[in-house]
Amino acid sequence: MVVTGSEIVEFVDARLAELGSKLREVNRTIHSNPELLFEEHIAHDTICDFLESLGYKVTRHAYGLETSFEVIYGQGGRMININCEYDALPDGGHMCGHNLIATSSIAAFLGLAAALEKTKVAGRVQLLGTPAEEGGGGKALLINAGAYKDVSASLMAHPGGNEKEYQAYANTRPVAAAHVTYEYKGKPAHAGAYPWDGINALDAFVSLYNNVSLLRQQVKPDERLHCCLVEGPKVANLIPEHTKVDFTVRSNTLRSLEKLVERVDNCANAAALATGCTMERSSMIPYADHICPQAMNDQFIKHLTSHGIKTGNNKTIQASTDQGNVSHVVPSLHAMFSLEEAGDSNPHQKPFEKAAGKDKAHNVSITIGKGLAQTAFDLIVDDSLHGQVHKDWKQDIDDRKDL
């Protein structure tokens, strides 16, 4: 069956219009019930219930992760993955707008499934629930579990602040990040009567913090070092015997990240040595820098432009995502779209969380989902585009090896 691009748009539009009110309710439920990494049970069940009500076969608790899910539609051909995020931030709700990521991804899946059904072309779409983006590395765990082994390309989009010039970007290039925990153990003592008999774990944290603060002068402009004290003293009259600190270290690529993490480790070891504390270090799988196939970026931008979205094709961003890890396994799109009602706020701020729950934000996420669906359909049926995307992807990997 030969179909035109305008017919694909009609198939996608019709399906999403049909399900408009139900999609809005899914979005509203996720936004109203923010859940932390690996605890996204309401979001997981809400999405799975919705998809099952439409007749799709859903695998709940997929790939050994309690709050992951998978649904695949289609027969034969290439399989395009669409990643669906839905975790929130502590004490901040959906300040990163992952309810909108979920909405755009579900819309993309439904739109592409409709196009595949109408055209009868060989091809498949995988909607994958990816928990714990905010620090848990859910996608990295899913990679290790084999979730992407049959995937030809991966697509998703993330909301951003109220951009004045453009409403959406394709090539955002999130950077690599490491999440490292340092735990210091000392010796308690009476802080007034016998302070010399203690070993102060809080001093170890302060020393680490100061060491890293000095290091900041000697790092590159695009590198970031930030932390939080997870566990510390609760009373002042006791020499603290235990502190625990989480660090996020960001750098342009995995290679440069490794070098920067080593320097932060030196700061941590020096703090232990100076205070006499012992130190335990732990870390999770690092988030990789995002590889961007230009041909896929261009195709997505073309479709968004046809929907009246003002688009840009390059935006520097010093944030990180485990979609970067996916981009080192298969060609990946990680687009960003603007929320007009965010005003001057940006992700991880309370006004942004409020904006992410508005009707306007929902409507934008649906339009973004349409662009994702059209791009995914093109990757399935257009051999030339698919080949160019993979060529660009391999070239970008090679170009970044020495960075």
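Which residue ranges does the domain assignment give for domain 1 and domain 2 of the chain? In this predicted model, domain 1 covers 5-175 + 289-401, and domain 2 covers 176-283.

## Two domains

Taken over C-alpha atoms, the centres of domain 1 and domain 2 are 36 Å apart. Their contact involves 10 residues from domain 1 and 11 residues from domain 2. The size of an interface is often given as the accessible area lost when the parts come together. Here domain 1 and domain 2 bury about 780 Å² between them, with 47% of that area on carbon and sulfur atoms. On the domain 1 side, Val175, Asp289 and Gln318 lose the most area to domain 2, and together they account for 54% of what that side buries. The number of salt bridges between domain 1 and domain 2 is 0.

An open sheet is formed by 8 strands in the order 1-2-4-3-5-12-6-11, with mixed pairing. Strand 1 (58-60) and strand 11 (311-312) are at the edges; each has a single partner strand, so one side of each has no neighbour in the sheet.

Strand 3 and strand 5 run parallel and are joined by 3 bridges. Asparagine 81 has serine 154 of strand 5 as its bridge partner. Strand 5 (residues 153-160) also pairs with strand 12, in the parallel sense, over 7 bridges. Within strand 12, methionine 336 is the residue opposite histidine 158. Strand 12 pairs as well with strand 6 (residues 168-169), here in the antiparallel sense and over 2 bridges. Alanine 168 has phenylalanine 337 of strand 12 as its bridge partner.

Why is strand 12 described as largely enclosed by the rest of the structure? Strand 12 (residues 332-338) is largely enclosed because 7 of its 7 residues are buried, and buried means under 20% relative accessible area. Ser332, His334, Met336 and Ser338 point one way from the strand, while Leu333, Ala335 and Phe337 point the other way.

In soluble globular proteins, nonpolar side chains tend to be buried together. The largest nonpolar core of this model has 65 residues, of which Ile47, Leu51, Phe69, Ile106, Leu110, Leu127 and Leu155 touch the most other members. Helix 4 (residues 98-119) contributes the most to this core, with 11 residues.

Beyond its neighbours within four places in sequence, leucine 155 is in contact with Ile80, Asn81, Ile82, Asn83, Met296, Leu333, Leu372, Thr375, Ala376 and Leu379. A second, separate core has 25 residues, including Tyr184, Leu257, Ala271 and Cys277.

## Salt bridges

The structure holds 19 salt bridges.

| Glutamate 85 | Lysine 139 | 2.6 Å |

Glutamate 85 lies in the loop between strand 3 and helix 4, and lysine 139 lies in helix 5 (residues 138-144); the pair links distant parts of the chain, 54 residues apart. Both glutamate 85 and lysine 139 are buried.

Lysine 149 counts as exposed, at 65% relative accessibility, whereas aspartate 150 is partly exposed, with a relative accessible area of 44%.

Aspartate 396 is in helix 12 (residues 383-399) and arginine 173 is in the loop between strand 6 and strand 7 (176-185), so this pair ties together parts 223 residues apart in sequence. Aspartate 396 counts as buried at 8% relative accessibility, while arginine 173 is partly exposed at a relative accessible area of 25%. Elsewhere, salt bridges that share partners join Asp45, Asp49, Glu52 and Arg60 into one network.

## Positive phi in two loops

Phenylalanine 38 is not a glycine, yet its phi is positive, at about 65 degrees. This residue is in the loop between helix 2 (20-32) and helix 3 (41-53). Phenylalanine 38 is partly exposed, and its relative accessible area is 32%.

Aspartate 91, also a residue other than glycine, has a positive phi near 60 degrees. Aspartate 91 is found in the loop between strand 3 (79-84) and helix 4. With a relative accessible area of 83%, aspartate 91 is exposed.

Definitions and conventions
Residues are numbered from 1 along each chain as its sequence is written. This is a predicted model: local features need pLDDT of at least 70, side-chain atom pairs count only at pLDDT 80 or more; totals for chains, interfaces and linings use all residues. Side-chain values use heavy atoms; hydrogens and water are left out. A nonpolar core is a set of buried Ala, Val, Leu, Ile, Met, Phe, Trp, Tyr and Cys residues joined through side-chain atoms within 4.5 Å. Buried means under 20% relative accessible area, exposed over 50%, partly exposed in between (1.4 Å probe, protein chains only). Helices (H or I, at least four residues) and strands (E, at least two) are DSSP runs, numbered from the N terminus. Contact means heavy atoms within 4.5 Å. Two strands pair if DSSP finds at least two bridges between them. Domain bounds come from an automatic or database domain assignment. Buried area is the accessible area (1.4 Å probe) that two parts lose on being put together, summed over both. A salt bridge is a side-chain nitrogen of Lys or Arg within 4 Å of a carboxyl oxygen of Asp or Glu.
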